[in-house]
Amino acid sequence: MTTSTGTPTSTPSPSPSARATWTPVLALTAGITMLVSSEFLPAGVLPGLAADLGVTEGTAGLAVAATAVAGFLTAPTIAVVLPRADRRTVLVALLVIGAVANLIVAVAPAFAVLLVGRLLLGVAVAGYWAFAFAAGIRAVPGRAATVSTTLALGVSIATIAGVPLGSLLGDLFGWRLVFGVAAALTAASAAAVWFAMPSVPAQPGAGLTMLRQALTNRRLLLGIASLLVVVLGNFAAYPFIRLAIERVDASVVPLLLLLWGVGGLAGNLVAGSLSRRLRLATTLGPALFGLALATLAGAGAGSLWVVVPAVILWGFGMNMVPVATQLWVTTAEPRRTESALALQVTAFQAAITLGAVLGGRLLDGAGLTPVLLTGAVLAIAGSAGFACLRGRPA
């Protein structure tokens, strides 16, 4: 239920029986953690992966782009293809696909084979994101902000533990082992969702008709466009975060990747607390990480006293974005939430694809500083777009 301004109304404290239903949400969060860890693992093992497969680091960054290409195609179509399928079954199947994708990457003899695995992972990530929030609020009704924050915490856990740990394990044992471990843990999360989630029937009217109706919402589409610009700015730079840290001090890479994730955890929580002020939340997050990217661009091979807070601020600002925009799109289109969320995921995946390609081209052609500056400009432009959006939900 929402207020006239589109923000979730307060609800009474859940009863003990209601609290028990949080188990499915925690299982969903475990799945998000593993899929997002898998999506961004190349950022933590980029040099070794590139050297082993005989490609440049800019080309290796396309391992992230390939995932997003598949996600871009999957997010708006999966509900159309599966309009009546039980969402629990679909979510479990997507996690199994994610596990298989990681296994393919772990044994890939060439970069082309690795890209096949990454394309499969993109299907899993986008489909899972498109359905997980709607399934979560069915399990815990009236708690949209908390469900969104909990799922986003899975992203933070992935960045706090997954990417830094992947970087450390990759340095010690090789990047292939990292993806093998990710395959096993993703399969375990599929089992957790299967046993913890109740049956989740599709939303009434789900499918092509619902998507067409959502696409007539002009305010929603303007927000999606702003989101695309924001995420494009982040992912022009994020695949190369390790390189940005290494040019200052290579020995602190795992620590700063960890601090990026810690900043992200705080950003998730702050965005959730701003569920009644979504215009502020959607504007503030991109502005903060745009400032952080500009600072990193200017830092060059400078002091860690500059780089450390910039990396934390980057994580904080960027990780406000998934929570804030997930809540924003569902208040902008409250009657067709599944389609609104599919469009949000589509924007994310399109921006990840374009960002990785743009960043890789800039890196190989002009160096790291233009990559960071481009990301900063796009983030601030997207922030301004959200600041200009007014009006009530459809």
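Visitor: What makes up the lining of the largest cavity by class, nonpolar, polar or charged?

Guide: In this predicted model, the lining of the largest cavity has twelve nonpolar residues, five polar residues and one charged residue. Among the 18 residues that line this cavity, Phe40, Trp129, Val155, Pro322 and Phe348 are the closest to its centre, and Phe, Trp, Val and Pro count as nonpolar.

Visitor: Which elements give two or more residues to that lining, and which gives the most?

Guide: The elements that give two or more residues are α2 (22–53), α8 (144–173), α11 (218–237), α15 and α16 (337–366), and α16 gives the most, with five residues. The space in this largest cavity is about 270 Å³, and the structure holds two cavities of 30 Å³ or more.

Visitor: Why is the pair of Trp260 and Trp314 called edge-to-face?

Guide: A pair of aromatic rings is described by the distance of the centres and the angle of the planes. The centres of the Trp260 and Trp314 rings are 6.3 Å apart, which is within the 6.5 Å needed for a pair, and their planes stand at 80°, which is over the 60 degrees needed for edge-to-face, so the pair is edge-to-face.

Visitor: How do you know that this pair ties together parts that are 54 residues apart in sequence?

Guide: Trp260 lies in helix α13 (residues 253–273), whereas Trp314 lies in helix α15 (residues 304–332), so the pair ties together parts with that separation of 54 residues in sequence.

Visitor: What makes Trp328 and Phe386 an aromatic pair, and where do they lie?

Guide: Their rings are 5.9 Å apart from centre to centre, within the 6.5 Å cut-off, and the 80° between their planes is over 60 degrees, which makes this pair edge-to-face. Trp328 lies in helix α15 and Phe386 in helix α17 (residues 368–388), so the pair ties together parts that are 58 residues apart in sequence. Trp328 and Phe386 are both buried.

Visitor: Why is α15 called largely enclosed by the rest of the structure?

Guide: A residue counts as buried if its relative accessible area is under 20%, and 22 of the 29 residues of α15 are buried, so this helix is largely enclosed by the rest of the structure. From its first C-alpha to its last, α15 reaches 41 Å, close to the 42 Å expected at 1.5 Å a residue.

Methods: Residues are numbered from 1 along each chain as its sequence is written. This is a predicted model: local features need pLDDT of at least 70, side-chain atom pairs count only at pLDDT 80 or more; totals for chains, interfaces and linings use all residues. Side-chain values use heavy atoms; hydrogens and water are left out. Rings of Phe, Tyr and Trp (its six-membered ring) pair if their centres lie within 6.5 Å; planes under 30 degrees apart count as stacked, over 60 as edge-to-face and the rest as tilted. Helices (H or I, at least four residues) and strands (E, at least two) are DSSP runs, numbered from the N terminus. Buried means under 20% relative accessible area, exposed over 50%, partly exposed in between (1.4 Å probe, protein chains only). On a 1 Å grid over the protein atoms alone, a cavity is a set of points where a 1.4 Å probe fits but cannot get out, and a pocket is an open set with protein on both sides within 12 Å along at least five of seven lines; lining residues have an atom within 4 Å of a point. Grid points are joined across faces, edges and corners, and a volume is the space filled by probe spheres set on the points. The expected span of a helix is 1.5 Å times one less than its number of residues.
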